[in-house]
Amino acid sequence: MSLVHKIALSLIKGVGPMFAKNLLIHFGSAEAVFEATKEQIVKLEGIGEIRANAILHTDALEKAKEHLHFIEKHNIEVLFYADDNYPKRLRNCYDSPLLLYYKGTANLNHKRIVSIVGTRNATNYGKLLCKQLVEVLKPYDVIIMSGLAHGIDAAAHKESLNFEVPTVGVLGHGLDRIYPAVHKALTQKMVHNGGLLTEFLPGTNPDRENFPKRNRIIAGISDVTIVVEASLKGGALITAELANSYNKDVYAFPGRVNDEFSEGCNFLIKTNRAGLINHPRDLIYYLGWDDEQVKKAEI
């Protein structure tokens, strides 16, 4: 399949990732989707008249060609969900993106991927936990994922770079910009030891509705999600809920009962949505990573 047609398929209004995948399964290729007649398209369950007309009368191919020029000029890697380089953990999630856009050096199918998320209003306690967590994880050859937001996300990325642990930021916008802009210097370092990943094409603004979509990638691409600090409302709890829906491990650090930015963590633990970790070493124990190291040594 041509890259232009893959991108174009993701641009058709009203056709999200799940419908796009069904179209590909039914027609065999992205090219065949655009060559199909209305009679052929409406036979597919759930498509209906509106989506069929959107496919038949779209200008997605022209727009895709414009995007491809930018993608090639800036050496952006395009990951199609059926390709070997697409993150296999994420592919197993029912709502995984059709396409991902990536700049970086980290292998997104690395053997151990850990997501660290939390509040934008990180306290010194939360930042210290990030430092201790990354330091403990370093010997276990991990990649750290987070969302490049202020607070815990930024602390996780910065500490990963400090400890020379690859770290990947998942964005809620296109790769033609950085948001928050204050993290531009941080992302330049991440591209050389980790990377930047998004499902959004260049030109996409960091709109509010993009961030829950971003969070599902953070949850789906990793083996485990760690919530460091979080209020009862916010992206960190959304990410934890998504990770639970994907049957992923979720853990949280507890906090004092009267701390606003520990309420979310305490809630996750209380309602059995997250396992409790008092110390980063607890995570290694729960995941059995020391047992794996012992077995390798014995071999």
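Tyr 246 has a relative accessible area of 11%, so Tyr 246 is buried (buried is under 20%, exposed over 50%, partly exposed in between, with a 1.4 Å probe and protein chains only). Tyr 94, at 53%, counts as exposed. The model is predicted: local features need pLDDT of at least 70, side-chain atom pairs count only at pLDDT 80 or more, and totals for chains, interfaces and linings use all residues. Residues are numbered from 1 along each chain as its sequence is written, and side-chain values use heavy atoms, without hydrogens and water.

The whole structure holds 6 aromatic pairs (Phe, Tyr or six-membered Trp rings with centres within 6.5 Å; planes under 30 degrees apart are stacked, over 60 edge-to-face, the rest tilted). The rings of Tyr 94 and Tyr 246 lie 6.3 Å apart between centres with planes at 65°, so this pair is edge-to-face. The two residues are 152 residues apart in the chain.

## A stacked pair

Tyr 251 and Tyr 286 are stacked, 5.1 Å centre to centre with 5° between planes. Tyr 251 is buried at 10% relative accessibility, while Tyr 286 is partly exposed at 41%. Ring pairs join Tyr 251, Tyr 285 and Tyr 286 into a cluster.

## Charges over rings

Lys 21 lies over the face of Tyr 81, 5.3 Å from the ring centre, and Arg 112 over that of Trp 289, at 4.7 Å. The criterion is NZ of Lys or CZ of Arg within 6 Å of the ring centre and within 35 degrees of the ring normal.

Conventions: Helices (H or I, at least four residues) and strands (E, at least two) are DSSP runs, numbered from the N terminus.
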